[in-house]
Amino acid sequence: MGPKLTPEALQRLADEDLMTLVERKDADAFAVIYDRHGGAAYSLAYRIVGDPSVAEDVTQEAFISVWRSGARFDAARGSVRTWTLGIVRNRAIDALRRSAGSAPKLDLDDEAVLESRPAAELTDSEAIRRETARKVRGALSELPAEQSEVIGLAYFGGFTHSEIAEMLGMPLGTVKGRMRLGLEKIRNTLAEHLGGGPSEVVP
């Protein structure tokens with residue numbers, strides 16, 4: 001294995017090289033991975049579940065999984081960041097389904113979310129979007145898992161169709177098809193509650 005690398009040397013390594021060390025249970029390498037991607041992981045978890053403490057739990061569970069399953073990372077299938085966020089996404093959607101009945105509000109004032117959003121997007125329309133987000137979560141719980149998954153990533157995670165296809169390892173056309181079917185069902189559900197304002201569903 002060679003001599004143990006200094007923290008400075010670890011910081012200079014690419015994510016893929018760090019994951020080789022994580023696979024060997026190098027805690028310092030894991031700490032660097034967490035420092036690089038922990039913020040984005042929490043932000044994604046929060047945007048999906050809408051609750052700070054649940055998002056923290058989801059993030060912690062996801063990184064424990066990264067530590068335990070580092071050997072499963074395959075650079076040929078995407079970046080470490082994409083792989084890590086995919087694990088976060090799975091954990092967050094599981095948590096969302098478990099707590100769907102409470103339908104927490106999406107509070108976009110959270111610092112971790114604000115730093116990932118352009119200031120120009122923080123307009124008066126966010127007030128409507130926040131309320132809609134609460135109802136969208138309720139509607140998501142009524143969809144088949146494959147549809148709620150892609151819509152949750154797009155709406156709460158802010159990912160594009162192409163990014164979602166990469167994260168889920170499926171064709172872009174499949175993602176778009178599931179999105180279309182799920183949005184149609186959500187629009188019908190929201191129309192009953194919002195007086196026909198389905199346009200807010202689309203990120």
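Arginine 36 sits in helix H3, residues 27-49, and aspartate 15 in helix H2, residues 15-23, so the pair ties together parts that are 21 residues apart in sequence. Please keep in mind that this is a predicted model. How many salt bridges does a search of the whole structure find? The search finds 1.

Are the two partners buried or exposed? Arginine 36 is partly exposed, with a relative accessible area of 27%. Aspartate 15 has 15% relative accessibility and counts as buried, because buried means under 20%.

**The overall fold**

Now step back to the protein chain. It has 10 helices and 0 strands. The protein chain has 203 residues, and 46% of them are buried. Take the contacts in the protein chain with a separation of 6 or more: 63% of these are between residues 24 or more positions apart.

Next, the inside. In soluble globular proteins, nonpolar side chains tend to be buried together. Here the largest nonpolar core has 49 residues, and Met19, Ile151 and Ile164 are those with the most contacts inside it. Which helices supply at least two residues each to this core? They are H2, H3, H4 (52-68), H5, H7 (125-140), H8 (145-155), H9 and H10 (172-194). The most comes from H3, which gives 11 residues.

Look at isoleucine 164 as an example. If we leave aside its neighbours within four places in sequence, isoleucine 164 is in contact with Val150, Leu153, Ala154, Phe159, Val175 and Met179.

**The largest pocket**

From packed side chains we go to empty space. Rolling a probe the size of a water molecule over the atoms shows where empty space is left. The largest pocket holds about 410 Å³ of space. Its lining has 16 residues, and those nearest the centre are Arg77, Thr82, Trp83, Gly86 and Met167. Two helices, H5 (80-98) and H9 (161-168), each supply at least two residues of the lining. The largest share, 6 residues, comes from H5. What kinds of residue make up the lining of the largest pocket? There are 4 nonpolar, 7 polar and 5 charged residues.

I will finish with two single residues. Lysine 25 is in the loop between H2 and H3. Its phi is near 65°, a positive value in a residue other than glycine. With 42% relative accessibility, lysine 25 counts as partly exposed.

Threonine 6 is in the segment before helix H1, which covers 7-12. Threonine 6 is partly exposed, at a relative accessible area of 41%. How far apart are threonine 6 and alanine 29 in sequence and in space? In sequence they are 23 residues apart, and in space 9.9 Å, C-alpha to C-alpha.

Note on methods:
Residues are numbered from 1 along each chain as its sequence is written. This is a predicted model: local features need pLDDT of at least 70, side-chain atom pairs count only at pLDDT 80 or more; totals for chains, interfaces and linings use all residues. Side-chain values use heavy atoms; hydrogens and water are left out. On a 1 Å grid over the protein atoms alone, a cavity is a set of points where a 1.4 Å probe fits but cannot get out, and a pocket is an open set with protein on both sides within 12 Å along at least five of seven lines; lining residues have an atom within 4 Å of a point. Grid points are joined across faces, edges and corners, and a volume is the space filled by probe spheres set on the points. Helices (H or I, at least four residues) and strands (E, at least two) are DSSP runs, numbered from the N terminus. Ala, Val, Leu, Ile, Met, Phe, Trp, Tyr, Cys and Pro count as nonpolar, Asp, Glu, Lys and Arg as charged, and the others, Gly among them, as polar. A salt bridge is a side-chain nitrogen of Lys or Arg within 4 Å of a carboxyl oxygen of Asp or Glu. Buried means under 20% relative accessible area, exposed over 50%, partly exposed in between (1.4 Å probe, protein chains only). A nonpolar core is a set of buried Ala, Val, Leu, Ile, Met, Phe, Trp, Tyr and Cys residues joined through side-chain atoms within 4.5 Å. Contact means heavy atoms within 4.5 Å.
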